[in-house]
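Welcome! Let's learn to read a protein model together, one feature at a time.

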Amino acid sequence: MPNSTRRGFLGLVAMGGVMAVTPAHAMTAAEASTAIRRAVDEVLGIINSGRPPAQMYGAFAGVFQRHADVDAISRSALGPTARQMDPSSFGQFREAMTGYVARKYGRRFQEFLGSRIEVGAARPLKSFWAVDSTAYLNGRSPMRVEWHISDKTGQPRFFNLIIEGVNMLASEREEINAMLARRKGDVGALIADLQQAG
């Protein structure tokens, strides 16, 4: 499968990634799998809903906000620069990135009409849970997708995906940092561009 298709699928279904730093052992394996299944069902429901694209983008953003650790994802994507930002500026970046991710991957939704994902068992991995799943896209070989999820926010939230060896966290961090470098470290300019891009 072409790398662009893998990335598009990965983004549509997950829209997130970051490192966990606190144990997720309060959450059971069954709860971890159930949380991922719920997120998957919502995304696939949106893809197959027949809504106009603009409505889908908003719905994808809603899934991201409900099921992902958006704060940690945004901090990871931005890297060390996030630690230098005041709360207001970081909040603007987080909101801009949410919309950017929803539009960027949402524009590829037609590639994934009729797809399905089977969510399997969860296993402990470092300080979080890894949930295995298999994605079946029309006319393509099945893909193994590994979700990383923790409850450090107080709710089960996914924060990374590994799909056929491709780490979404690393990919998005590389892209956001390249965008920031092109803007000579101007986070305000990055935020403005993210609001329009995707």
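Q: How many bridges pair S1 with strand S2 (residues 128–136), and in which sense, parallel or antiparallel?

A: Strands of a sheet pair through backbone hydrogen bonds, either parallel or antiparallel. Here S1 and S2 pair in the antiparallel sense over eight bridges. One example is Ile 117, which stands opposite Ala 135 in S2. Strands are DSSP runs (E, at least two residues), helices are DSSP runs too (H or I, at least four), and both are numbered from the N terminus. Two strands count as paired if DSSP finds at least two bridges between them.

Q: Before we go on, what kind of model is this?

A: This is a predicted model, where local features need pLDDT of at least 70, side-chain atom pairs count only at pLDDT 80 or more, and totals for chains, interfaces and linings use all residues. Residues are numbered from 1 along each chain as its sequence is written, and side-chain values use heavy atoms, with hydrogens and water left out.

Q: Which order do the strands of the sheet follow?

A: Five strands form an open sheet in the order S1-S2-S3-S4-S5, with antiparallel pairing. At the edges are strand S1 (116–125) and strand S5 (166–167), each of which pairs on one side only.

Q: What should I look for in phi, and which residue of the hairpin of S1 and S2 takes a positive value?

A: Most residues other than glycine have a negative phi, and most peptide bonds are trans. In the hairpin of S1 and S2, with two residues between the strands, Lys 126 takes a positive phi near 55°, although Lys 126 is not a glycine. Lys 126 is exposed, with a relative accessible area of 75%. As a guide, exposed means over 50% relative accessible area, buried means under 20%, and partly exposed is in between (1.4 Å probe, protein chains only).

The hairpin of S2 and S3 has six residues between its strands, and there Gly 139 takes a positive phi near 75°. Lys 184 is another residue other than glycine with a positive phi, near 55°. Lys 184 is found in the loop between helix H6 (168–182) and helix H7 (187–196), and is exposed at 78% relative accessible area.

Q: How do I describe two packed helices, and at what angle do the axes of H2 and H3 cross?

A: Two packed helices are described by the angle between their axes and the distance between the axes. The axes of helix H2 (residues 29–47) and H3 come within 10 Å and cross at roughly 175°, so H2 is roughly antiparallel to H3. An axis is a line fitted to C-alpha atoms, for helices over the stretch in contact, and angles run from 0 to 180 degrees between N-to-C directions. Angles over 145 degrees count as roughly antiparallel, under 35 as roughly parallel, 65 to 115 as roughly perpendicular and the rest as oblique.

Contact means heavy atoms within 4.5 Å. Residues making this one include Ala 35, Val 43 and Ile 47 of H2 and Ala 59, Phe 60 and Val 63 of H3.

Q: Is Phe 60 buried or exposed?

A: Phe 60 is buried, with a relative accessible area of 0%. Now compare sequence with space: Ala 102 and Phe 60 are 42 residues apart in sequence, and their C-alpha atoms are 5.5 Å apart. Ala 102 lies in helix H5 (residues 87–106) and counts as buried at 1% relative accessibility.

Q: Which residues touch the most other members of the largest nonpolar core?

A: A nonpolar core is a set of buried Ala, Val, Leu, Ile, Met, Phe, Trp, Tyr and Cys residues joined through side-chain atoms within 4.5 Å. In the largest one, with 56 residues, Phe 93, Ile 149 and Ile 176 touch the most other members. H2 gives the largest share of this core, nine residues.

Q: Where does Asp 69 lie?

A: Asp 69 lies in the loop between helix H3 (53–67) and helix H4 (70–78). Asp 69 counts as buried, at 8% relative accessibility. Leaving aside neighbours within four places in sequence, Asp 69 is in contact with Lys 152, Thr 153, Arg 157 and Phe 158.
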